[in-house]
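I opened a new notebook page for this structure. I wanted to look up its core and its aromatic rings.

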Amino acid sequence: MYPDRVVSGMRPTGTMHLGHYHGALKNWIKMQTELPCLFFVADWHALTTHYDDPTVIERSTWDMVVDWLAAGIDPSQSTIFIQSRVPEHAELHLLLSMATPLGWLERVPTYKDQIENLANKDLATYGFLGYPLLQAADVLIYRASQVPVGEDQVPHIEMMREIARRFNHLYGKEKGFEEKAQEAVKKLGSKRAKLYNELRTEYQQDGKDEALEQAKAMLDDAQSLSMGDRERLFGYLEGSRKLILVEPQARLTEASRLPGLDGRKMSKSYGNAIALREDKDSVSKKIKTMPTDPARVRRTDVGDPARCPVWQFHQVYSDQPTQEWVVKGCKSAGIGCIECKQPVIDAIIKEQEPMHERAQPYLDDPSLVRAIVADGNDAARKLALETMRDVREAMGLAYT
């Protein structure tokens, strides 16, 4: 019904590091070659935890966009924009909040987890409780079909689907809908109309999901239909409602296997991160001072890579022969820890070289970044306005 589209965002709360690259950006770079992608700076989301000190947000916003471009996000393939520059996100969030049960927000698993993990912050605010609903608005406003997430974020996507389903049920009541849908069926032509009705019956009476998918595929191929008729026929398949908001699918992405320098999750707040565009001398110093297997007090002591944070970096950056060399050398004390770390240093510096090169033009001329984001804001807002036109009309707010 609507074109496949990917939407994802990141909060600008500090310097981007290699954990971000291996956990999200590499997936974004791959996806931008497969489907239309919209990637946004979630500056309003940053306020849910940094509302008392927002000074970091603007600086981090522009630094983060440069990091995206340096990593390989291509503005000719992807739309890059800032959340707050598309005010329709806030409007849809407000309208969705009118019909979203409070219990749906309170049961989101990450809500209680973050309350516990960020106990030093006062998070007893609606903004923090309601951030999954703002997330839903961020995605639903673009009628995205896919959202790249890790397994811990799947409940958020399921809630987005429930919100879209509830909205369509409440507000997809078009006057004379059934009659208009039946007229649209006739426009398919006699053979397709017959098949459509058969598949609709199979799905609604027998619950055959394959019938629903077959009918949707047929409608996707029906080029002669107007957008309005197409929406009606998609809605008519599943009931008697017009589909206004699309239920997105979670696109599971691999979690980053790259830990912090101390073996914990890489995080700026832990002081264990390597920035995406870190100076090579700093990279070398940080890796050389990484903790290793505590059993290797002396150079002649044997060790076990499984107990060493450096080994986790080898699993990301080193090929099989190098990994075998590390295991053999560590367990036999044939190599020292500094010697073991050098291939990791070399690999990270090599990975970062093109990032420094891609970033330099934007550092030399920040107006280039501003222009990319301005174009992205305009493109994103155009899509958002299309959705909001239908939302306002469905809710009786399209005063003309």
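I first wrote down a cut-off: a residue is buried when its relative accessible area is under 20%. Phe 39 comes out at 0% relative accessibility, so I count Phe 39 as buried. Trp 28 has 3%, and therefore Trp 28 is buried too. I keep in mind that this is a predicted model.

Next I looked up the cores. The largest nonpolar core holds 50 residues. Leu 25, Trp 68, Ile 287, Phe 313 and Ile 348 have the most contacts inside it. Where does this core lie? Domain 1 (6-172 + 246-257 + 365-395) and domain 3 (277-363) both give residues to this core, so it lies between them. I also found another core of 36 residues apart from it, with Leu 133 and Ile 244 among them.

I then checked Trp 68. Leaving aside neighbours within four places in sequence, Trp 68 touches residues including Met 10, Leu 25, Trp 28, Phe 39 and Ile 80. Ring pairs join Trp 68, Trp 28 and Phe 39 into a cluster.

How many aromatic pairs does the structure hold? I noted seven. Trp 28 and Phe 39 are stacked, with 4.2 Å centre to centre and 0° between the planes. Trp 28 is in helix 1 and Phe 39 in strand 2, so this pair ties together parts 11 residues apart in sequence.

Phe 177 and Tyr 236 pair edge-to-face, at 6.3 Å and 70°. Phe 177 belongs to helix 10 and Tyr 236 to helix 13, so the pair ties together parts 59 residues apart in sequence. Both residues, Phe 177 and Tyr 236, are buried.

Last, I looked for charges over rings. The charged end of Arg 200 sits over the ring of Tyr 236, 3.5 Å from its centre. Arg 264 lies over the face of Tyr 270, 4.2 Å from the ring centre.

Technical notes
Residues are numbered from 1 along each chain as its sequence is written. This is a predicted model: local features need pLDDT of at least 70, side-chain atom pairs count only at pLDDT 80 or more; totals for chains, interfaces and linings use all residues. Side-chain values use heavy atoms; hydrogens and water are left out. A nonpolar core is a set of buried Ala, Val, Leu, Ile, Met, Phe, Trp, Tyr and Cys residues joined through side-chain atoms within 4.5 Å. Buried means under 20% relative accessible area, exposed over 50%, partly exposed in between (1.4 Å probe, protein chains only). Domain bounds come from an automatic or database domain assignment. Contact means heavy atoms within 4.5 Å. Rings of Phe, Tyr and Trp (its six-membered ring) pair if their centres lie within 6.5 Å; planes under 30 degrees apart count as stacked, over 60 as edge-to-face and the rest as tilted. Helices (H or I, at least four residues) and strands (E, at least two) are DSSP runs, numbered from the N terminus. A charge sits over a ring if NZ of Lys or CZ of Arg is within 6 Å of the ring centre and within 35 degrees of the ring normal.
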